[in-house]
Amino acid sequence: MRDQPSLPAPAANLPAEIRVIAHRGASAYAPENTLASLREAHRRGCRWVEFDVKLSSDGVAVLGHDETLERTTSGRGKLRDKSVRELEELDAGSWFDERFAREPLPSLAKVMELLGELGLAANVEIKPCQGRERETGERVAREIREGWSRNLPLPLLSSFSEEALAAAAETLPEAPRGLVRRHPGAEWLDTVRRLGCSSLHVWHGALTRALVRRAKEAGLLILVFTVNDPVRARRLFDQGVDAVFSDCPDRIQQAFPGTQ
Ligand code: MG
């Protein structure tokens with residue numbers, strides 16, 4: 001029989017009353033993965049935010065979702081080829097709206113400072129550029145270990161990359177971890193156990209009652225992305241989903257008075 005480590009206490013760092021997490025900040029109202037979208041989530045009453053983190057060419061953690069810069073910044077080419085200084089000079093807001101023209105692409109260090117000021121809890125999605133999985137998991141966890149606000153609970157660290165999660169677990173074992181899968185696949189529970197995860201993050205379209213049942217039996221939280229329709233959110237909560245990621249978290253919260 002295979003030796004399986006016991007799971008960490010479920011919900012150790014994700015209170016059950018948290019039902020809505022701002023996806024890349026409140027990204028329906030402000031450019032994703034910027035200080036502006038995190039501030040907007042806070043302004044709209046959201047208590048939890050999610051954002052994506054990658055590494056610059058000089059190994060510094062910065063916010064970003066895509067491998068390339070074109071979609072969400074004034075830059076060209078691959079994010080991994082630019083230094084943090086070059087990245088911080090980019091305009092990461094104009095593509096969304098001219099009102100955000102001077103919004104920078106922020107480093108994780110700047111984001112940690114803002115979260116501490118605002119008292120926002122976070123899910124940090126480690127999103128390594130190809131080939132930098134282990135390095136990104138290790139580096140992001142190290143920056144968090146050294147710079148996370150002491151006023152806040154440690155973040156939930158999640159990733160599609162098993163390598164990145166394993167490296168993060170070695171560097172900052174006390175932070176809870178979540179495995180991200182669009183479709184969970186057949187062996188998801190083995191992977192969750194091997195990596196000591198406390199949550200499974202899946203695409204809402206892949207959710208089934210059997211999946212929810214197995215996750216609950218294993219003491220896991222189920223978080224689903226990306227849900228912007230309150231009617232859909234209600235159905236998911238009724239099925240046993242713990243929290244949803246939303247671009248417009250205020251719309252979901254308004255539909256469920258008392259949720260955070
Ligand atoms: Mg993400």
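Is the crossing of helices α1 and α3 left-handed or right-handed? The structure is a predicted model, in which local features require pLDDT of at least 70 and side-chain atom pairs count only at pLDDT 80 or more, whereas totals for chains, interfaces and linings use all residues. Residues are numbered from 1 along each chain as its sequence is written, and side-chain values use heavy atoms, with hydrogens and water left out.

The crossing of α1 and α3 is right-handed, the near helix being turned clockwise from the far one by less than a right angle. Helices are DSSP runs of H or I with at least four residues, and strands are runs of E with at least two, numbered from the N terminus. The axes of α1 (residues 35-43) and α3 (residues 108-118) come within 11 Å and cross at roughly 15°; axes are lines fitted to C-alpha atoms over the stretch in contact, with angles from 0 to 180 degrees between N-to-C directions. The two helices are therefore roughly parallel to each other (angles under 35 degrees). Leu35, Leu38, Arg39 and His42 in α1 meet Lys110, Val111, Leu114, Leu115 and Leu118 in α3, contact denoting heavy atoms within 4.5 Å.

The magnesium ion is coordinated by Glu50 (OE), Asp52 (OD) and Glu125 (OE) at 2.0 to 2.2 Å. Donors are N, O and S atoms within 2.8 Å of the metal (3.2 Å for Na, K and Ca); water is not among the atoms, so sites may look incomplete. Along the chain, the donors follow the spacing E-x1-D-x72-E. Asp52 lies in strand β2 (residues 48-55), and its contacts beyond four places in sequence include Arg24, Asn33 and Glu125.

Conventions: Parallel < 35°, antiparallel > 145°, perpendicular 65-115°, else oblique.
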